[in-house]
Each structure stands twice: as structure tokens, then as C-alpha cells.
Amino acid sequence: MLDLFYTPIAEFEFMQRALVGVIAIALGGGPVGVFLMLRRMSLTGDAMAHAILPGAAVGYLVAGLSLPAMTIGGLFAGVIVAVAAGLVSRFTSLKEDASLAAFYLLSLALGVTIVSLRGSNVDLLHVLFGTVLALDDDTLLLLASISTITVLALAALYRPLVLECVDPIFLRSVSNAGTPTHLIFLGLVVMNLVGGFHALGTLLAVGMMMLPAAASRFWTSDITVMMLVSVAIGILSGLSGLLLSFHAELPAGPAIILSAGAVYVISLVLGREGGLLWLVWPGRHLEA
Amino acid sequence: MLTRRAAVSFLAGCLTLAASSLPVAAQNPDKLKVVATFSILGDMVRNVGGERVEVATLVGPNGDAHVYSPTPADGRRLTEAKIVFTNGLKFEGWIDRLVKSSGTGAETIEAAKGVKPLKGEEEDHRHGHDHGHGGSDPHAWQSIGNAKIYVANIRDALIAADEAGKATYQANAASYLERLDEVEAEVKGLVAKIPPERRRIITSHDAFRYFEEAYGIDFVAPQGVSTESEASAKDVARIIQQIKREKIAAVFVENVSDARLMERIAKETGATIGSRVYSDALSEPNGPAGTYIDMMRHNIRAFSAALSS
């Protein structure tokens, strides 16, 4: 038992660092994912991840494997796309999903072009898939700061955010906090994706955000509890993914997301709030 | 009618544009045009072909041929070429499709033909890491003995395509083989100076197995033979344990690999990171490993400096 859970992490520093990194990502990503889900923007995370990729790639091409350059590049590209899409949807008749699709595709195409111009095929692919097993001090600090900022910002914006989720028209009628709240929230999404990108890569980073959130929806209908549950699920799947990678010799990033996926499927079946099993039971009750 | 005319003039414009970008390639019509898939092979072909051959290299310096994605310009180079030199041993998984789709009439020559291939995985615990290569390790050029086989294959292919240059190719190949012998002697001399119990090195991806076989330095890598695979936590843990247990002094990062993982391993074990070594691609021409010979020299000096100190 000790060998299974404790030894790998106690013996190896890189496992400890990976665990700390994953916990930081879960702390920030879980609540953000819950809000994304409640606002029916679950796929927005995926689109934003694509939007970040070219920015990070440009950062890499300019400064090599430097943490600040890639972070700033990713933040820059993501924020531009998020803000542009948000503003277009607020002030024109185009809906948020359509404008986001337009902007992220533009950003992606631009990034691919810039990378190709460079000519030689650097190991960009490896760079764009993060390395959760190789987190250094700077990356850990970055991840921790991002989750701290995220939690603080969500606490400050909690009321308008919840109102935006359940009744945006009411919010618009009583206050004009809607637009700034929305933009700050999109900024938080981008920040968390950029953080997750360093550990898991652009595409898998979305997984740590959405899968725990989607799973938590099956256990409660209270938003606060839902966020706590999603953070717990994120941490749990991070830990089990790392252990899975250690014992079963799987690549670490995908193993973490697969663990989160497993939790999601279990929640889907067993979840108290609308899980499949609970949908089947009362039906039989009524017939009987 | 108008639209058709517009379309025709647009096409004509495109053709003019395309033609204007071609003259670089069309400058030397009498030279034999050949394509080599990656920089190390390109350098060998250049040495054997000399003035008579114009070599285009698909994957340039510091590029990773494992995961290369070809561009239309590569297709054009292939169409113009008489011979396409590949490493073979499934190193360039993308080349067959590219040759087919370019519709080139060029002959494809596997430079590693006749090399005795090493099995991709000697240790069974690393199963599933070499899907890219179908079993055999393609990095055959890391042994200079194999490089000589490459050179012979290149020479024969060039002679077959260009009878008139036979004497030149033979003379070039002979003098190049002599220089390869010199380097090999130097490599063996340097290895001999390293105490046998210290001949152990960690590299980021498993590209030095032929070197190991030929010259007797042990190499261990977390990433497997292809750079395509991702290391698992177990692989990293195993290497850290091995470094600590066997007191391995140095780890090396290749020019085509992600350095972050090796830095982590080095920090955790207290091993030093040796200077950058070159496995799958040359450096820029004015860098430390601009040619195959310079590359082998640079690598063995880096290894011996780290292991002897």
C-alpha cells in the first residue's frame, strides 16, 4: 500500500513537483471550469486553448524555451482573442460562439503561418505538449500565482458572475458590471489555460478545467459546493494520473486527463444529481 | 467570358510568379540534382558528389526528422531530383508518401542498406516506445563503420546515375573514407582513455546505440528511440535511480530534444549537464557540428571531457 501511493512521491522530487503543479492547476482550473460549464461555454475553453497555442509558439521562436516569453505570448494571444470575441458578441448581432470561432481560427492560422516561416522544424511539438514531469521553480511559482489570482478574483466577482450565469438580463437591468465581469472572467480562463499549458500542453490543459467541472455537476446543484467538488476531483485525478504514469508506464499528461475522464464517467453513472443510475431507479419505482 | 479571361490571366500571373522563384534551382542545369532527407546524409552526399552534384536537404540543421512535416517546396525539390537519398531503417516515416505524392521519377536509395540493424528495444521494459520505427534502431550513422557503408552506397548510386563522373566520385569517396578512418581512430583513442567503469552516459533520446555498440560507451535514455514518444514517470524515476546507484557523472541533451526533462533529472541527481551533443541533425554550418565529421568529433570530445574529469 505504502509502495503504491507514498514511495514514488516521497522518493522522487520530480513527482513532488508534478503533484504540486497539478494541485495548483486544479485549484484554479476547477472553479473556472464550473463557471464555464454553467454559462454553457464549455467548448470556449477548447477554443481558447487553440488561440493560446500560436502566441506561445511565437514566444518560443523568439526567445527559445523561456518561461516568460511563452507565458506572455500565450496570454497576449489568448486575451486578444477573448476580448475581441467578447466585445463583438456584446455589441453586434453575432453570438459569442460564432465570434469566438472566427477569432480563434484566425489566431491559429496566423500562428501556424509564423511557425512555418521559420522554416526548420524545431521540436515545437514537444514544446507545445507540456512536461509535467519537468516543472522547475519558476514554472511552479507561475502556476501557484495563477491559481492564487484566480481564486481571489473569483471571490471578488462571485455575485455578478453567478448572476451572469443564471440571469444575465436581470444583471444588465440592475448594474453595468456585466461586461467588465465577463471580460475579467475570460482573462482568468486564458490565464489558467496558459498555466496548464506549461504542465500539460495546450490541448490537455482544457481537460483539467472541464472534466472535473462536468463531473462535479453530477454530485450537487449548489455552485459553491460544485466548485469545491471540482477542485477535489482535479486534485484526485492529478494524483492518480501521476501514480498511473509511474506504475503503468504511461505518459504523464494523458494519464492525468484519462484519470479525470474516469472520474467523469463514474460520476455520470453514479452521480446523485441526475446520474444515469438515479434516473433509472425512480422510473422503475413509478411503474411498480 | 470576362470571368474566364480573368481566370486565365490570373493563372498566367501565378505561373510567372512560380517561374520567377525557380531560377535558383535552374542555375546549374549540368549538375546532377539529388535530394537527401536530413542534414547528416546531405553532408555525406556532398562529400562524395563534390562539384558535380547539387544536394538539397529536406530536414535542415537542428531539425528533427522523426516528426518532420514536408512542405510543397520539398515536393518540388523531389520532382527535380534524379536520386533521393534516405537513411532507411524507417527513420523517415514520411518519405514514402512524399515521394509518391510528388510524382517524381527519382530513384530512392537507402543509404543504410547493408548496415546490420540493431533491434529497436533491447530491454523489454521499454515496450511500446518505438512505434515510429517498427523494431530497428535507425540511428546507424552514429557508428563510423556504418557511415562508411553509407558512403559506399552513395558512391555507387551516384555512379549509376552519372557514368561520366565515375572517376571523380571514386576519388572523392576514397579520400572521404580516409578522413572517416582518421576520425574513427580519434574516437577510439579518446574512449580508451576513459576508465572503463566510467563509460556510462545519460542522453535525452536513445540515439547512440550504434555508438555504444561500436565504441563501448553505455548510453541510457528516458525517451526511447524515437523523439515522438513521451517519457512516463516510471522511465524518469528509473533513470534517476540508475544515476544515483551507479554514480553517473554527466547527462547530455541533444540538439533535437526537449532540454527541460534532462535539466530536471540533472538537478535531482546532482549530475552535471554536458555540452550539447548532436545526434539526428547537424548544427548550423558555422556551429560546432557543421559536418558529419565535425559532429562525431564534437560528440566524442564532449563525452570524454565529461567522463574523464
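B:Thr203 stands opposite B:Phe252 in strand S9 of chain B. This is a predicted model, in which local features need pLDDT of at least 70 and side-chain atom pairs count only at pLDDT 80 or more, while totals for chains, interfaces and linings use all residues. Residues are numbered from 1 along each chain as its sequence is written, with chains lettered from A and ligands numbered from 1 in the order in which they are written.

S9(B) (residues 250-252) pairs with S7(B) (residues 200-203) in the parallel sense over two bridges; strands here are DSSP E runs of at least two residues, and helices H or I runs of at least four, numbered from the N terminus. Pairing takes at least two DSSP bridges between two strands. S7(B) also runs parallel to S8(B), joined by three bridges, and here B:Ile201 has B:Phe219 as its bridge partner. Put together, the open sheet of four strands reads S8-S7-S9-S10, with S8(B) (218-220) and S10(B) (272-273) at the edges, each pairing on one side only.

Over in chain A, helices H12 (residues 202-216) and H14 (residues 252-270) pack at an angle of about 15°, their axes 9 Å apart. Axes are lines fitted to C-alpha atoms, for helices over the stretch in contact, and angles run from 0 to 180 degrees between N-to-C directions.
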